Amino acid sequence: MLKVCNKCLYEKSHPFGLSIYDKGCSGCDTHHEKYSINWAAKRDELENEIKLVKAKSKGYDCVVPVVGDAEDYYVVSKVLELGLNPLIVSVNDYFKNDIGWHNLHNLITHFDVDSFVFNPNINVYKDLVRTSLRKFDHILLPFLSLHTSFPVHVAKARKIPLIIWGQNQAVEQVGKFSHYDKVEMSKWGRKEHDLFNCDIDTLIGNGAQVDERDLNYYQYPNIDQLSSSGVKGVYLSNYFHWDPLYQNSNMTDFGFKPQKNTSSFDIYERTGSSVYYELHDLMKLKRTGYRKIRDHLVREIRHGRITREEATKLESIYNQSKVDISGFCRWLDVSDSGVKWLKLHKFKGLENIIGTQTECADIKVPEAISLLLKPSSNVENKFVTFGKGVHI
Amino acid sequence: MRIGATVLLIDGQCYQSYGWLKMRPLGCLEHVIEILDEYQCDEISIIRPVRYGDSLVSLAQDLAVLKNINTMTPLSFGGGLRSKESLQMLGDSPVERLVFSSAFLNKDATLIKHAVDLFGHQAIQCLLPCKMEDGRLMVYACDKGEFILSENVDFDFIDKWANEIIYHDVLNEGLNNAFDFTLLDNSIFHHSRIIISGGIGHANIKIANEKLCASVLIDNKVLHKECSIKGYRNA
């Protein structure tokens, strides 16, 4: 049985699961649907849904969960184009850098939309990050738990009938469903894909030092009540031809600031995070055997902007890029001996990647990609805990 | 009429099948069952899509996953149940009903009688993966990996030994409202013993209800929407 797709770079062991065929894989196969779907008809389907929503809603029509990256700009621009009145909901992950806060604030002011930034209890949050790193080699699980549940709580409490997400990662990466399935947000999908089967109850286990009352928003609402209240979540990637690099490159027109990235050519996705392409990327490598660059390369292979051979070479180059863990360790108040322990036990075998990020030597990407890369900025301040100049 | 769901199990992981050709990965069986339980599904049919041969080792691996399941929903299990040894292995699994296909097509009365002795007649279901081709019913023989004409199937044998018969539309699985009801046209079985599966949607459920079918098994669609079963129940 084949273990690696012969069209892209994904392996059967992909964390979302992958079916490998004689030619391609479930992800490549699903991507191919994009060229035969009548997208105008798909948009009509969405507009019909929206008519029903607008008839039901009394204030905001929808909640749009954001982190402030380029995809969020695209989603908000589409939501407004569709005539919806959105409430933008963001969860502070306490990992943003100056570019992240600029992009989030600019998103709200440029599109002139109402917003709600939730700042979870930072002490509980840090405890959960610590537990998540220790038990699951993952530092974003607490944030992902909140990001995928808090907006749902808001929608339910404020009787906002629709939640609009950007892409469905499980469809885009491994083709878990067909675009024709029009899969909606669900508790199962959240646990299986967004949280890698580790919801907050699994995360804390039964020896937690956390008061369960502090975890309410980390948990998904009761689905019976949610479905009775009529709240549902849809993914825009089921209704629009989804091409992240192309659509994200146009977001600079709205004031989005791309960030220089030494771990990938993609300067748009998850821009503004102090950990995403650093410690999180290192942990991803440990858990899954590959870094974020592979997701980007696979996406570009499928969009025909790079060949599989070129992508393989680029992956090996980007895989050498250094990851700086010192900022995160300071943020988590890890002592010097703690850092040594982490390097010795947690990051064993990955020591060669830990270091200070340096300006990449000029890595050549194919022209079809470089044409979509706008000028990008350097980060000046990492781990800006709150967006209004407050640090703890 | 019962509203159930079908889940495919391969190497301990769940999959969805589209048109009998393409498999899509679904994920962890335990979590799928957990959520279907929460959706208040009436029954869950866990099928190992075994084509051609099978091994007891592979069956044992899948059963090990199955044995960890905690659910209040009745489970049917099938795929690769081709010997007395395979039936013995089901002893401590949370399985309520057994699904046989090859055993019925091969008229393996000894095996089925053994299953009846172990689980009772009410637990025996016959799965007929089928399609219409040029107006003729074709049934997929899993152990041979090919479709055979329905003339070569002994429906009286099935009638005698099976409590319920699952007509699974292989061409339309994964689609919405696409179940081909002509598959049931010349069926000798009373509809109260028939379960339909493959491409089931709301409109199909309405028809199945009118036909007084025993149950419908929703394939992939069941996880595409939150609390989907409630919607199907109100179809």
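Predicted model: local features only at pLDDT ≥ 70, side-chain atom pairs only at ≥ 80, totals over all residues.
Good morning. Between domain 2 of chain A and domain 3 of chain A, three salt bridges are counted, a salt bridge being a side-chain nitrogen of Lys or Arg within 4 Å of a carboxyl oxygen of Asp or Glu. Side chains of opposite charge can pair when their charged atoms come close.

Residues are numbered from 1 along each chain as its sequence is written, chains are lettered from A and ligands numbered from 1 in the order in which they are written, and side-chain values use heavy atoms, with hydrogens and water left out.

Let me return to the domains. Chain A is divided into domain 1 (1-36), domain 2 (37-238) and domain 3 (258-370); such bounds come from an automatic or database domain assignment. The C-alpha centres of domains 2 and 3 of chain A lie 25 Å apart. In contact there, meaning heavy atoms within 4.5 Å, are 26 residues of domain 2 of chain A and 24 residues of domain 3 of chain A. The buried area between these two domains is about 2300 Å², with carbon and sulfur atoms giving 57% of it. Buried area is the accessible area (1.4 Å probe) that two parts lose on being put together, summed over both.

Next, the secondary structure. Helices (H or I, at least four residues) and strands (E, at least two) are DSSP runs, numbered from the N terminus. In chain A, strands β2 (residues 86-91) and β3 (residues 114-118) run parallel and are joined by five bridges; two strands pair if DSSP finds at least two bridges between them. Within this pair, Val91(A) stands opposite Phe118(A). From β2(A) the chain crosses through helix α4 (residues 98-111) of chain A to β3(A), in a right-handed β-α-β crossover. Right-handed here means that, with the strands pointing away from the viewer, the path from the first strand over the helix to the second runs clockwise.

Tyr94(A), in the loop between β2 and α4 of chain A, has a positive phi of about 60 degrees although it is not a glycine. Asp112(A), in the loop between α4 and β3 of chain A, has a positive phi near 55 degrees. Which of these is buried and which exposed? Buried means under 20% relative accessible area, exposed over 50%, and partly exposed in between (1.4 Å probe, protein chains only). Tyr94(A) is buried, at 0%, whereas Asp112(A) is exposed, at 68%.

Now to two helices of chain A. Helix α1 (residues 26-33) of chain A has six of its eight residues buried, among them Cys28(A) and His31(A). These buried residues pack against α8 (169-174) and α14 (292-302) of chain A, together with β3 (22-28) of chain B. Helix α9 (residues 187-194) of chain A is largely enclosed by the rest of the structure, because six of its eight residues are buried. Trp188(A) is one of them. The buried residues of α9(A) pack against α6 (141-147) and α8 of chain A, and against β3 and α1 (29-38) of chain B.

That brings us to the interface of the two chains. How many residues does each chain give to the contact? Chain B gives 25 and chain A gives 31. Arg24(B), Pro25(B) and Glu226(B) supply 26% of the area that chain B buries against chain A, more than any other three residues. Seven salt bridges are found across this interface. One example is Lys225(B) with Glu184(A), at 3.8 Å from N to O. Glu184(A) lies in the loop between α8 and α9 of chain A and counts as buried, at 10% relative accessibility. Another salt bridge pairs Lys221(B) with Asp181(A), at 3.3 Å. Lys221(B) lies in the loop between β12 (215-218) and α8 (228-233) of chain B and Asp181(A) in the loop between α8 and α9 of chain A, so the pair joins two chains.

Finally, over all chains the count comes to 43 salt bridges. In one of these, Glu172(A) and Lys34(A) have their closest N and O atoms 2.8 Å apart. This pair links parts of the chain 138 residues apart. Both partners count as buried: Glu172(A) at 13% relative accessibility and Lys34(A) at 3%. Thank you.
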